[in-house]
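Notebook open, model loaded. I'll jot things down in the order I look them up.

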Number of protein chains: 2
Amino acid sequence: MKNKVIGVDIGGTNIKIGILTKQGKIIQKTSIPTNPKEGPEKIIKRVCSRIKDLCNERKIKISDIIRIGIGCPGPLDSKRGIIIKTPNLPGWENFHLKKRIESGLKIPAIVNNDANSATYGEYWLGAGKGYSTIVCFTLGTGIGGGIILNGKLFKGIDDTAGHLGHITIIPDGPRCRCGNRGCLEALASAPNLVRKAIEGINSGIKTKLTSLSKGKLQAITSQMIYLSASQGDKFSRELLDETGRYLGIAVAGILNTLNPEIVIFSGGMIEAGELLFKPLRKEAKRRAFPQPAKRVKIVKAKLGNDAGIIGSVGLALRGDNF
Amino acid sequence: MKNKVIGVDIGGTNIKIGILTKQGKIIQKTSIPTNPKEGPEKIIKRVCSRIKDLCNERKIKISDIIRIGIGCPGPLDSKRGIIIKTPNLPGWENFHLKKRIESGLKIPAIVNNDANSATYGEYWLGAGKGYSTIVCFTLGTGIGGGIILNGKLFKGIDDTAGHLGHITIIPDGPRCRCGNRGCLEALASAPNLVRKAIEGINSGIKTKLTSLSKGKLQAITSQMIYLSASQGDKFSRELLDETGRYLGIAVAGILNTLNPEIVIFSGGMIEAGELLFKPLRKEAKRRAFPQPAKRVKIVKAKLGNDAGIIGSVGLALRGDNF
C-alpha cells in the first residue's frame with residue numbers, strides 16, 4: 001500500500017534516514033556517516049542504496065513510498081531542489097539534489113533547508129503541535145532557525161528567511177563567521193561558550209571546569225559547562241546566564257516583530273535547562289512589549305534528533321514546493 | 001451604485017477622512033483636528049458627521065458606501081475592532097470603535113492598526129505595488145512598522161506584529177518610551193535626532209543649525225537638520241549618517257529573518273533623502289547575508305499622508321478581518 005514516506009536529514013557528519021508513516025510515526029531509522037570528502041554524487045548514491053536496504057529490511061516496496069523529504073544545509077532553492085552551496089559539504093555547489101534522488105529512486109523528492117525541516121517537525125508533532133505561529137531557534141555549532149506563520153513554513157522570497165543566528169545583537173561585538181559583527185551566533189553559540197570558559201580559566205578564574213576537564217582546557221565541552229553549572233559552579237552559571245541574555249535579546253526582537261505564540265529552542269544547548277532558559281525568558285520578557293511577552297511560550301524542542309526526518313516528511317506531504 | 005469606500009486615518013493630532021473608489025482612487029478627502037481631550041464618543045460622532053457631510057458634498061449616498069476602513073493607533077484587537085488602549089488618545093481604553101462607527105453610519109467598519117494600514121496602502125498602490133513580501137518602517141515621532149507576507153498583512157497572534165521600532169539595537173543603549181533600553185526608536189527617531197543636535201551644539205560643536213535656528217535651540221526641527229545636511233553641514237550629516245546606520249542594523253536583522261523583496265520607509269524623516277538612505281543601505285547590506293542583501297530593494301514610500309486612508313480602504317475591501 002502506497003502509504004509510507006522517507007525522511008532524510010543531511011548533516012556535515014551524519015545523514016539520518018527514516019521510513020515514516022503519513023502520520024509522521026517512525027517505522028525504521030538509521031544513520032550513515034556523511035564522509036563529505038566523497039562529494040555529492042557518491043554520497044547520494046549511498047543514500048539511495050541505504051534507503052533501498054532499509055525498505056528491504058522492513059519488507060516495504062519502493063513503490064509503496066509516496067515521497068521523499070530531504071533536509072539539507074543551505075543556501076538552497078527549495079522550489080527546484082538545488083543546493084546553491086553549503087560550507088560544510090564541499091562540491092555541492094549548484095547540486096541538483098532533488099533530481100539526483102528522484103532519478104535514483106523514482107519517487108518524488110522535496111528538498112528543504114535543514115533548520116526549516118526541523119522547525120516543521122516541531123510544529124507538526126513536537127513542542128509546537130497545536131500552535132500556528134512559531135519561531136524556532138536551533139542551537140548547535142551555529143545558530144539557525146525557522147519560522148512557521150499561520151501554519152505554513154515561511155521561507156522568504158529566496159529561501160533565506162529564518163537565519164536567526166545572524167541578527168545583530170551588539171553592533172560592535174565580535175566578528176561572526178558570516179562576516180558581520182555581533183551576531184547572535186558570535187555571542188551565544190556552543191563553541192563561543194567553550195571559548196569563553198577557556199578564556200576565563202586562562203585569566204585565572206577558579207571554576208569546577210578545571211577539575212572536570214582534568215586540567216586539559218581543550219577537553220572542555222559545552223556539556224561540561226552545563227554539568228558544572230548544575231553543580232553550582234558560579235563561573236559556569238555566569239556563562240550560561242550571559243548566553244541566555246543574548247538569546248533573550250534576539251527573542252525580544254522577534255516577539256515585537258512577529259508576535260508568535262511560541263518560541264522553541266532545539267539543539268544540544270537546551271540540555272543546560274533552566275540555567276539557560278531562566279535568564280533567556282527574563283531578558284526577552286523585560287525587553288518586549290507586554291502583550292507579545294505575556295502571550296509567548298518559550299520552550300524546549302521535543303523531537304531531539306528526529307526533528308529533521310519528521311519535518312522533512314511533513315513538508316514533503318504538505319507539498320508546498322510542488 | 002454601491003461602489004465607494006470610506007477610509008479614515010486616526011492620529012493624535014488630525015483625523016484624515018477620504019471617499020475612495022474600490023480601486024483606491026481618492027474622490028474626496030479632508031482632515032479634521034482630533035482634539036483628543038474630547039474623548040472617543042464625541043470624536044467619533046464628529047467623524048461620522050463629517051463623513052456624512054463629505055458624501056453630501058459629492059452627492060454620494062451613504063447607502064452607496066460598501067465599507068469603512070479605519071486605521072487607529074494601537075494596541076487594538078482588529079478582529080473585534082476594539083481599541084485596547086492608545087497612549088496618545090486618552091479615554092480610548094477598550095473602546096469599541098468598530099461598533100460605534102457601524103451604529104453611527106450603518107456601514108460595515110474594519111479597524112486596523114495605523115502603521116499596518118499605511119503599510120497595506122504602500123503594498124496595494126504605493127512603493128510596494130507588485131511585490132508580495134514587504135516590510136515597512138514608519139519614521140515619525142515614534143518608529144512603527146508593518147509586514148506583508150505573501151501578499152497578506154501579517155498581524156501576529158495578538159495584532160502586535162510589526163513593532164519594528166522596538167527591536168533592540170544597543171542592549172545598554174538609551175531608555176526607550178516603551179521601557180526597554182536601546183530600541184531603534186530610542187536611537188533613530190526624529191525627536192532623538194533633534195535632541196542630539198541640541199546636545200551637540202550645547203557641547204560646542206559648530207554647525208549651520210545655530211544660524212538656521214537663529215540661536216534658539218528649541219526651534220530646531222528635524223527638517224532643519226535635513227536642510228543643513230543638504231547644504232553640506234558636517235555635523236548634520238553625521239547625525240543623519242548615524243541615524244541611517246541604526247536603521248540599517250534593524251533592516252539587516254529583518255533581511256536575515258524574513259528575506260523580503262522590498263523594505264519601504266515612510267514618514268517625515270524620508271525627506272532627508274540619500275543622506276539618510278545611503279548609510280542605511282550600506283549598513284544593512286554589510287550586515288545581512290549576501291542573498292537577501294542582494295535581493296532587497298530599500299526605498300522611500302510613495303503615498304505620503306494618503307497611505308493610511310488608502311490602506312484602510314484596501315484592508316476593508318480585502319476583509320481579512322471578517
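**Entry 1: salt bridges.** I'm working on a predicted model, so every value here is computed. I went to the interface of chain B and chain A and counted salt bridges across it; the rule gives 2. I looked up one of them: Arg295(B) pairs with Asp158(A), and their closest N and O atoms sit 2.6 Å apart.

Entry 2: Then I asked myself which elements give two or more residues to the side of chain B that touches chain A.

**Entry 3: extent of the interface.** How many residues of chain B are in contact with chain A? I get 38, and they meet 38 residues of chain A. For area, I noted about 3,200 Å² buried between chain B and chain A, with 57% of it on carbon and sulfur atoms. Three residues stand out in my list: Ile157(B), Thr257(B) and Arg287(B) supply 20% of the area chain B buries against chain A, more than any other three residues.

**Entry 4: symmetry.** I superposed chain B on chain A, and a rotation of 180 degrees with 0.0 Å of shift along its axis does it, at an RMSD of 0.1 Å. The two copies are therefore related as by a two-fold rotation axis. I checked the contact residues too: 100% of those in chain B recur in chain A, so the same surface serves both copies.

**Entry 5: a look at one cysteine.** Last stop, Cys136(A), which I found in strand β9 (residues 134-139) of chain A. Is Cys136(A) buried or exposed? Its relative accessible area is 1%, so I wrote down buried, the cut-off being under 20%. Leaving out residues up to four places away in sequence, I listed what Cys136(A) touches: Thr119(A), Gly144(A), Gly145(A), Gly146(A), Leu164(A), Ile264(A) and Ser266(A). I followed up on Ile264(A), which is 128 residues from Cys136(A) along the chain, yet their C-alpha atoms are separated by 4.6 Å.

Terms used. Residues numbered from 1 in each chain as written. Chains lettered and ligands numbered in written order. Predicted model: local features only at pLDDT ≥ 70, side-chain atom pairs only at ≥ 80, totals over all residues. Heavy atoms only, no water. Helix = DSSP H or I, 4+ residues; strand = E, 2+ residues; numbered from the N terminus. Buried < 20%, exposed > 50% of the residue type's maximum accessible area, 1.4 Å probe, protein only. Contact = heavy atoms within 4.5 Å. Buried area = accessible area lost by both parts, 1.4 Å probe. Salt bridge = Lys/Arg side-chain N within 4 Å of Asp/Glu carboxyl O. Least-squares fit on C-alpha atoms with pLDDT ≥ 70 in both.
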